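Work through the exercises below with the structure open beside you. Try each task before reading its solution.

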Amino acid sequence: MSPLWHPFTQHGLEGAMTPIARTEGACLFRPDGRAIVDAISSWWVTTHGHRHPALMKAIQQACEDYDQIIFAGFTHEPAEKLAQELVQMTPAGLKHVFYSDSGSTCVEVALKMALGFFRNTGRPRHQIVVMENSYHGDTIGAMSIGARGVYNAAYEPLLFDVARIDFPHSGSEQATLDQFETIARASQAAALIVEPLVLGAGGMCFYSSDILAELRRIAERHDVLLVADEVMTGWGRTGTLFACEQAGISPDILCTSKGLTGGAIPLAATLATSEIYEAHLSTEKSKMFFHSSSYTANPIACAAGLANAQVWRIEPVQERIDVLAKRQQQQMQKLGQHKNLENARTLGTIAAIDVKTKESGYLAGLGNDVRSFCLERGVLIRPLGNVLYVMPPYCISEAQLDRVYDVLTEAVEALV
Ligand SMILES: Cc1ncc(COP(=O)(O)O)c(C=O)c1O
């Protein structure tokens with residue numbers, strides 16, 4: 001028996017894990033060579049495709065010179081160059097880059113930066129405002145600001161309180177804005193953290209860029225920091241490089257991971273404005289930013305990040321995204337006709353649809369059945385409860401995407 005304990009896996013219910021021997025492009029390959037189309041980009045990380053040659057080459061080359069280097073008191077070219085790129089590529093005003101190693105940790109860093117900012121400027125504020133049903137990761141801080149449910153019930157006593165605003169459902173957007181304005185006016189809130197334009201793990205729920213822009217305006221009016229968690233939405237997922245661009249806004253803090261290295265190797269970054277950086281800049285040691293992890297700014301990961309930035313610059317990535325976005329729309333239009341499905345929606349390269357069922361939520365049994373059905377037919381789909389979604393790498397071919405939707409349609413016919 002394997003000693004492995006897998007993430008988000010009930011080993012008492014699931015059979016053996018599927019062994020993968022190789023990856024390439026939009027596919028994972030079993031040891032016997034059978035392909036599985038990765039229709040969820042291996043948990044949303046793989047943007048350009050698996051083992052993109054430029055990324056693999058950059059990693060190999062970095063290994064010639066580096067392994068891990070302590071990042072306090074030392075620096076290196078891959079980290080410096082990538083930081084310059086990130087400042088250029090993210091919305092204006094984000095001038096400082098703090099590296100970490102996962103989506104959860106870059107969110108933790110963001111929260112600590114926000115609280116440090118208020119403390120160091122002599123107006124301590126501790127409240128974090130979040131959107132209902134958000135997901136920001138699985139560390140204690142990230143869980144505290146996310147939705148509460150079965151996945152964190154055991155840890156509830158350790159989670160800190162936050163202020164929550166409703167998801168801006170169509171027709172009740174103003175209520176959400178009013179809720180935020182009321183909270184913000186009380187001058188207790190340090191930051192509002194949002195997943196811009198789409199709640200990912202919360203069920204692929206989309207909201208408009210106008211709402212995001214308005215949330216930004218309210219935050220600014222009341223001196224509340226806006227943190228954009230672009231861990232999922234960044235690097236083209238919503239159709240633009242970062243989702244904030246669609247609202248024409250710059251957050252005070254931006255979190256990025258997943259597609260930061262094209263999904264090839266773990267890395268994360270939290271970007272902040274000069275105001276936030278300068279609040280920590282002092283001759284007093286007590287004002288420094290008290291955060292580090294051993295693998296901060298791993299040079300090999302930074303080299304992959306730098307190669308990813310190059311891919312964005314020299315390859316027609318935006319064109320691929322536009323083509324994929326259009327195909328996703330067409331496919332969802334067809335799937336949306338199904339009598340047992342509703343609420344077909346797409347945003348950039350993300351497509352989602354809900355199975356009509358009374359049993360919604362993460363534990364809805366249907367999701368597992370759809371997952372197994374699709375896997376047997378060579379497609380990796382991982383529904384969120386009754387929400388079926390497709391979020392493939394941008395290199396997926398038309399035939400591969402057709403296959404994904406054919407199998408998904410078969411699954412709905414057979415199981416719903
Ligand atoms: C919006 C968002 N934030 C944070 C995270 C956590 O990222 P990680 O799993 O790398 O810790 C995720 C993961 O899916 C996410 O979607």
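A residue counts as buried when its relative accessible area is under 20%. The model used here is predicted.

**Exercise 1. Faces of a strand**

Task: Decide which residues of S16 lie on each side, and whether the faces of S16 are covered or open.

Solution. 
Step 1. In a regular strand, side chains alternate between the two faces of the sheet.
Step 2. On one side of S16 are Val387 and Tyr389. On the other are Leu388 and Val390.
Step 3. These four residues are all buried, so both faces of S16 are covered.

**Exercise 2. The sheet around S16**

Task: Give the strand order of the open sheet that holds S16, and find its edges.

Solution. 
Step 1. The sheet has 3 strands, in the order S13-S14-S16. Its pairing is antiparallel.
Step 2. The edge strands are S13 (341-347) and S16 (387-390). Each has a single partner strand, so one side of each has no neighbour in the sheet.
Step 3. On average, neighbouring strands of this sheet are turned by 15° against each other, direction ignored.
Step 4. Now take the pair S14 and S16. S14 covers residues 350-355 and is joined to S16 by 4 bridges. The two strands run antiparallel.
Step 5. Aspartate 354 stands opposite valine 387, and alanine 351 stands opposite valine 390.

**Exercise 3. A buried strand and its partners**

Solution. 
Step 1. S7 spans residues 189-194. 6 of its 6 residues are buried, so S7 is largely enclosed by the rest of the structure.
Step 2. One partner is S5 (residues 127-131), which runs parallel to S7 and is joined to it by 4 bridges. Isoleucine 128 faces alanine 191 in this pair. Valine 130 faces isoleucine 193.
Step 3. Another partner is S10 (residues 225-229), also parallel, again over 4 bridges. Here valine 194 stands opposite alanine 228.
Step 4. Follow S5 onward. S5 is mostly covered, with 4 of its 5 residues buried. S5 is also joined to S6 (residues 163-165) by 3 bridges, in the parallel sense. Valine 129 has alanine 163 of S6 as its bridge partner.

**Exercise 4. A mixed sheet**

Task: Which strands stand at the edges of the open sheet that contains S1?

Solution. 
Step 1. This sheet has 4 strands, ordered S1-S2-S3-S15, and its pairing is mixed.
Step 2. S1 (22-24) and S15 (379-380) stand at the edges. Each has a single partner strand, so one side of each is left without a neighbour in the sheet.
Step 3. S3 (residues 35-38) pairs with S15 in the parallel sense, over 2 bridges. Aspartate 38 stands opposite leucine 380 there.

**Exercise 5. One cysteine**

Task: Is cysteine 106 buried or exposed, and which residues is it in contact with beyond its neighbours within four places in sequence?

Solution. 
Step 1. Cysteine 106 lies in H4 (residues 103-120).
Step 2. Its relative accessibility is 0%, so cysteine 106 counts as buried.
Step 3. With those neighbours left aside, cysteine 106 is in contact with Ser100, Val231, Cys255, Thr256, Ala268, Ala269 and Thr270.
Step 4. Take threonine 270. Cysteine 106 and threonine 270 are 164 residues apart in sequence, and 5.5 Å apart in space, C-alpha to C-alpha.

Note on methods:
Residues numbered from 1 in each chain as written. Predicted model: local features only at pLDDT ≥ 70, side-chain atom pairs only at ≥ 80, totals over all residues. Heavy atoms only, no water. Pairing = 2+ DSSP bridges. Axes fitted to C-alpha atoms, helices over the stretch in contact; angles between N-to-C directions. Buried < 20%, exposed > 50% of the residue type's maximum accessible area, 1.4 Å probe, protein only. Contact = heavy atoms within 4.5 Å.
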